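Subject: Structure handover and notes

Dear colleague,

I am passing on the structure below, followed by an account of what was found in it. Please read the notes with the model open beside them.

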Amino acid sequence: MSTATATANVFGSEVPQPAQHGQPGGIMRRLNFVTGLIGGLALATIAGVVTNILTPSGASTATFAPAAPDYVYLAVLLGWVIGFMAGMGAFVGPIRWLLGRDITHADAEYLAGKDLGWKRYWKFTTDHKVVGVQYLIMVMIILGFGGLLAMLIRTELGVTWAEVFSPSFYNSIIGTHGIAMIIGMIIVVMGPIANFIVPIMIGARDMAFPRLNALSLWLLVAATPCLISSLFQGGVQDGWSVYQPLASQGPPGMLGYQMTIIVFAFSTGVASVNLMVTTLTMRAKGMTWSRTPILVYGVFAAALMGLYAFPFYQYSQILAMSDRIFNTSFFDPLEGGSVWLYENLFWLLGHPEVYVIIIPSAAVLMEILPVFYRKPLFSFNFAVAGIVGVVALSGLVWAHHMYMTGWAPAVNYPFMLSTEMISIPVGFLVLVAIGTMWRGVVWTRLPVMAIYAVIFNKMIGGVTGIYLSDVPVDQYMHGSMFVVAHFHYMLMGAGLFGAMGGVAFYFSKMTGRMLDERAGSIGLWTAFVGFQITFGSMFVAGLQGQPRRVLQFDSLFNISNWISTIGAYIIGIGMLIFLGAIISSWMYGEKATSNPFGSKSLEWQTPTPVPLENFAVLPVVTEKPYDYGVPDPYQKELAAVDGDFDTQKVGSQS
Amino acid sequence: MSAETHQPLSPTTGEPMTTIARRAKAGLWTLIVMDVSGTLALIISYTYLWSLNVNGGWAPPGASLTDAQTNAVPAKSSATFAADWPFWAIFGIVVLATIAMWFGYREGKRGNHAGLIVGAGAALLISIGGLVAQWMQISTFPFGAGNGAYASAVLLLCASNIFHFLMLIFLLTGIFNRARKGLINKSVYFQAQLMSYWMVWICIAFLLGALCTTFLQVSPNTDPAIFGTFQQQQ
């Protein structure tokens, strides 16, 4: 059925519309998470059965292992990803474009979830706020899964008198924990907060490419079962970095890891494109770069690093998969390959990824500080310079992970220098935070407590990082628990605690409910104490010489491992309390006002819950974002131009 | 069309199409950055393995090299390097397709709608021809995937070409169809413009591959690192 609509009223303009085919949304009305599951499972089953039939009996891989499990598992993974995405409706948009069936305003509103209520969270919804909430839930699932594996690891290491798991399963949970946490940490700010907050913060109605936004989220959803399934196929037994040639010789579970990374890197790539273009082209009128909030800089920087670095990681896994499936020899030295090639490709992402995690977290904290200290951000330009400096140096430090591999010893010292240099722009960010706090009158709420935790952790993680960047120290510490403690201080201590502060800050805007800060604070500080116990003790074990990724160890390390395990359980309790605060507040919390913290930036000037189109009339920015002490920089102007946002009724959704 | 501005407006957001075009152009540049990184990963892999010649295993086993070039590793089969000309022929095909698309875009911008359709259609047909040629090249290589690092690197470069061809064919089909339906026209031509830009990058990607496979065949490393003795004892 084709019912041509002449025009539609789109934000006040009468706009000619393409032909409306059927009801708004078309086939997307029938597609959702359930059809995605059905599509994924059906295609995975078909692909697995057909591949099993077609694989010659007795076929073997390059390492003389039976080939059928590899081929069948890969076919199942591919079938799952393609079938799931098709079932979700990810291919409908490109096919409509191909056929020249452009969507109408009514289609776009349906796709954005208008009037769909809770069902919009189970569909390929394009509204950035829905995607942000979906990301928040995915982050909690992924970090919860990774955290559970961490508890298993610490249980094994704490029970020094017995072997709880088999060595191969222990190796699997180490590797799976590592990559699950890395993925979770990469998206913990870039997913929920960047997607939900940044478009509103810059005065836009949505992201630049709403369908790409939904695509990035659902690709992540498709990738997650690939990783979990690897545990049932022998697991990822070589740590999260899955060095070659061990990985090629590992069980089929490696293919689950590789598929996860290939899909996740694509998800991150399209998300980066979207965030960058949104920032570059959709900032409100008057929002010059000097009036752009620091969170936007942080998100833009992380997206840029992800954009150039993730393809290297993705291709390292494509080449590894090719070695395994097609018998190529990129990483097989006997046939002219090189394991150093893998390590270079891997770490070309591997280190920028640390900043992809830390910079957005730091930017969130710099966003929080002026609000609760009622002071302008100390040296905004310094903060921007710090972020730019990190981006500039991020691609020049990767080989500090390879000091001990024997690769090009002559370049160890240049990489040592570049690694030490990057501590300077990172230090800028800490100084900006401390400068903002200096002589401020603090309003101590949960987000501020997270900042204290981050500064403490970052100081320890940063200083130990400078040690480890030095070649002579690294020669002694490499592969020890000291390194494990160091990167947990950076990624978890700075990254995750920062993200907890960010979630606490933006919770009311994202959910429409106030977070139970009492329970949240108890959770945060419990986790903080547990964190110090766990990783402080791990520093000691590392200095004593305990190697990482080792199941059994000398009794010399027993005490520090017992302490670490007790600390880990305390972290687990703290995180559960924090999670409980989030869930209970989301369900039963006090309804939030539009701007409970009195922030001056744009996202807080919209009603809560935020209406579908964010702003009835696009705002005009006339002041810097942190002009606390100057009366009402936005409200003054906006009220004059557009009226009071807080009181406007613009079709909000529950 | 808005009565005030007389500019075409986006049916979904109500913004001027020039705004949508600017946004799409920024999106294209960022996508190109992403694809450049991926292509560079392959080029780095090729040049890295070529320069190291680990275990003397870079060249296909039957390539006519001196003992010094192979470090006296015995040949296992008669596989040799691939011929140069097919890489350049395929590169030429992509350049032709790009010229056709540019012609179409320029004509469309000038208001010659038929020229746009002809240009996009020609680019599409040429790209399909390129895909077939690429497939034929792969299926007639004198080596298999397991014949050393050179074979691996060349095959993955060709696989990357196939991926690019498939994308080109999908996008050009869309451009052709949309031009035919009048959705790309003198007023709204940014999709054809972006397609032309994208194809220039694709030409560069193919050129990089062809340069590697032509000029970086025999490894310069005549004293490669030897790991293990498995291969030498054969």
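Rings of Phe, Tyr and Trp (for Trp, its six-membered ring) are taken to pair if their centres lie within 6.5 Å, and a pair counts as stacked with planes under 30 degrees apart, as edge-to-face over 60 and as tilted for the rest. On that basis, a search of the whole structure gives 55 aromatic pairs over all chains.

This is a predicted model, in which local features need pLDDT of at least 70 and side-chain atom pairs count only at pLDDT 80 or more, while totals for chains, interfaces and linings use all residues. Residues are numbered from 1 along each chain as its sequence is written, chains are lettered from A and ligands numbered from 1 in the order in which they are written, and side-chain values use heavy atoms, with hydrogens and water left out.

Ring pairs also build a cluster, whose members include A:Phe456, A:Tyr489, A:Trp525 and A:Phe539. A charge is said to sit over a ring if NZ of Lys or CZ of Arg is within 6 Å of the ring centre and within 35 degrees of the ring normal. A:Arg205 lies in this way over the face of A:Phe11, 3.8 Å from the ring centre, and the charged end of A:Arg283 is placed over the ring of A:Trp289, at 3.8 Å from its centre.

Turning to the helices, which are DSSP runs (H or I, at least four residues; strands are E, at least two) numbered from the N terminus, helix α6 (residues 167-190) of chain A packs against helix α18 (residues 481-511) of chain A at an angle of about 40 degrees, with the axes 10 Å apart. Axes here are lines fitted to C-alpha atoms, for helices over the stretch in contact, and angles run from 0 to 180 degrees between N-to-C directions. α6(A) and α18(A) are therefore oblique to each other, given that angles under 35 degrees count as roughly parallel, over 145 as roughly antiparallel, 65 to 115 as roughly perpendicular and the rest as oblique. Where the two helices meet (contact means heavy atoms within 4.5 Å), A:His177, A:Ile182, A:Met185, A:Val188 and A:Val189 in α6(A) face A:His488, A:Leu491, A:Gly495, A:Leu496 and A:Ala499 in α18(A).

Finally, some backbone details deserve a look. A cis peptide bond joins A:Gln244 to A:Pro245, with omega about 0 degrees, and A:Pro245 lies in the loop between α8 (210-230) and α9 (246-249) of chain A. The bond from A:Thr608 to A:Pro609 is likewise cis, with omega near -5 degrees.
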